[in-house]
Amino acid sequence: MSSSINSSGSSRSSCGLCPFAVQVIKGRWFTVFASFLIMAGAGATYLFGVYSKDIKSTLGYDQTTLNLLGFFKDLGANVGVLSGLIGEVTPAWFVLLVGSAMNFAGYFMIWLSVTEKIAKPKVWQMCLYICLGANSQNFANTGALVTCVKNFPESRGVMLGLLKGFTGLSGAIFTQLYLAIYPNDSKSLILLIGWLPAALSVVFVYTIRPMKAVKQQNELRVFYHFLYISVSLALFILAMSLIQKQVAFSQTAYAGTSAVVCLFLFLPLAIAIREELVLWNLKKKPVDPPTEVSIEKPQEIQEIKDDSDLQVQNTKSTTCFGDICNKPERGEDYTILQALLSMDMMILFIATFCGLGSSLTAVDNLGQIGESLGYPTKTIKTFVSLVSIWNYFGRVFSGFVSENLIVKWKVPRTLMMTFMLVLSSLAYLSIAFPFPGSVYVASVIIGVSFGAQLTLLFTIISELFGLKYYATLFNCGQLASPLGSYILNVKVTGMLYDREALKQLAEKGLTRSSVKELTCLGGQCYRLSFSILAAVTFFGALVSLVLVMRTRKFYKGDIYKKYREAA
């Protein structure tokens, strides 16, 4: 008798858990958790400084050729127009699957080439492989990031900061994982960044989808809880990176470190379950009998119409390329061509060319900078890991800080971009004219400013041009960075580095054909090139000041008013 009662009680409990589990998996907060994991795997391009040395030595490239590969890596990572256009007409799961296939194909071919499991590929083939692998992160951005921004329109600055922050941490996360899985084998790191991000996208492919935005009073508090977890993760990785530089870790120690990293990555799931439990309990509350006065919904679950409904009501029905000359007010939904041909977008293009183009150049050359200044290999890997961590802090805090500045003091978000560009130019000067520990200082500043520029760029585009065609517009907005990277990295930094290296060979009585790898040693290797980067970035800061003046009145108003009015 008692056993039957127990069995019936347990069956009721399991039946109650099943609908709740379904609600969690289908909920907005689980989408955020899944997006965090996908974005944490979408930053493999920032590890180029770790494995580029293997490509250079194995395939016998000079610095100009290596920088050409770096350009195609940046080209793939930043030209996401295709993924944006695909995202406009296909569901998020399809976008994520395409990106997953591209990621694995590109990096797997690079790994086969570097481990010499296939014949030495031509330079154009390596450029194609790395461009294909890097371009996959745009599909992750379009599938996960754009979906989350549309699901949380009033918290877009915070949401973008967190998501791009996890991408910024990606390099440091991968470094810890590969030290545990493939110890001291940087070639296998290429294999890891080929299969792991692809697997993450496949596992969570059906949980990422747009849904009606639900305004919760505690929404910002929840995002701060996510922030605390991600900051703790970043600080833990920072501590481990510094300790591993001083102490020789065993394989077991690396495995333990990686286990803690994975624990931090899955902690947001607990917050997602907690928030869904709150909504679950609200739904189960008894409702009073209806009276003549209509009953209001609880504030916790007041729904606002989704973005597409708002666009139908508030704007005329236009095609994505229509009404080029008849531009709406800032903050309303621009068509693609209206946005691309606007003066605001052109100013953003120039600032991005100067700022992100220089930042990408600095990050790609960080390994060779450390080598030229005589730092050991282990320390150089620490530089790259530090850039990834500070990149995270720049992305996250630029989102939270700029959001608070707008809400409390109406400070234009564009002004923060100007400040970051000025900060970057100072970092480049510290590399051009090195002093003891200057690379450590530069890696911090470059990481913070680089991350902040990305978050600010994506948020500014969403605020000035609306969310209707955001999937395409934010991908178009970063097109200037690969162009800047090509000119500043390949045509300036790479060529000046090779010129200094050839000078050193001539002084030794050698020619280019005498050595397999062209290497430059000394502070003069990057002096002229990084002085140029500092000047270009400062010019970008002056240009961005024009946008600050143009948007000052817009940011003085209530930029999220239409979303609140629809609540």
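## Cysteines and the disulfide

A residue counts as buried under 20% relative accessible area, as exposed over 50%, and as partly exposed in between, with a 1.4 Å probe and protein chains only. Cys-18, with a relative accessible area of 49%, is therefore partly exposed. Cys-354, in contrast, counts as buried at 3% relative accessibility.

The structure is a predicted model, in which local features need pLDDT of at least 70 and side-chain atom pairs count only at pLDDT 80 or more, while totals for chains, interfaces and linings use all residues. Residues are numbered from 1 along each chain as its sequence is written, and side-chain values use heavy atoms, with hydrogens and water left out.

A disulfide is a pair of cysteine sulfur atoms within 2.5 Å, and the model has one. Cys-520 and Cys-525 form this link, with their sulfur atoms 2.0 Å apart. The link is left-handed, with -90 degrees about the S-S bond. Cys-520 is buried at a relative accessible area of 0%, and Cys-525 is buried at 2%.

## The largest cavity

A cavity is a set of points on a 1 Å grid over the protein atoms alone where a 1.4 Å probe fits but cannot get out; its lining residues have an atom within 4 Å of a point. Grid points are joined across faces, edges and corners, and a volume is the space filled by probe spheres set on the points. The model holds eight cavities of 30 Å³ or more.

The largest cavity contains about 140 Å³ of space. Its lining has 18 residues, of which Asn-103, Ser-136, Gln-137, Ala-140 and Pro-197 lie nearest the centre. Helices here are DSSP runs (H or I, at least four residues) numbered from the N terminus. H6 (92-114), H7 (123-151) and H9 (186-203) each supply at least two lining residues.

## The second largest cavity

The second largest cavity has a volume of about 120 Å³. Among its 15 lining residues, Tyr-46, Ala-77, Asn-78, Gln-137 and Leu-454 lie nearest the centre. Helices H4 (63-78), H7, H14 (343-364) and H18 (438-465) each supply at least two residues of the lining, and H4 gives the most, with four.

Methods: 1 Å grid on protein atoms, 1.4 Å probe; cavity = no way out; pocket = protein on both sides within 12 Å on 5 of 7 lines; lining within 4 Å.
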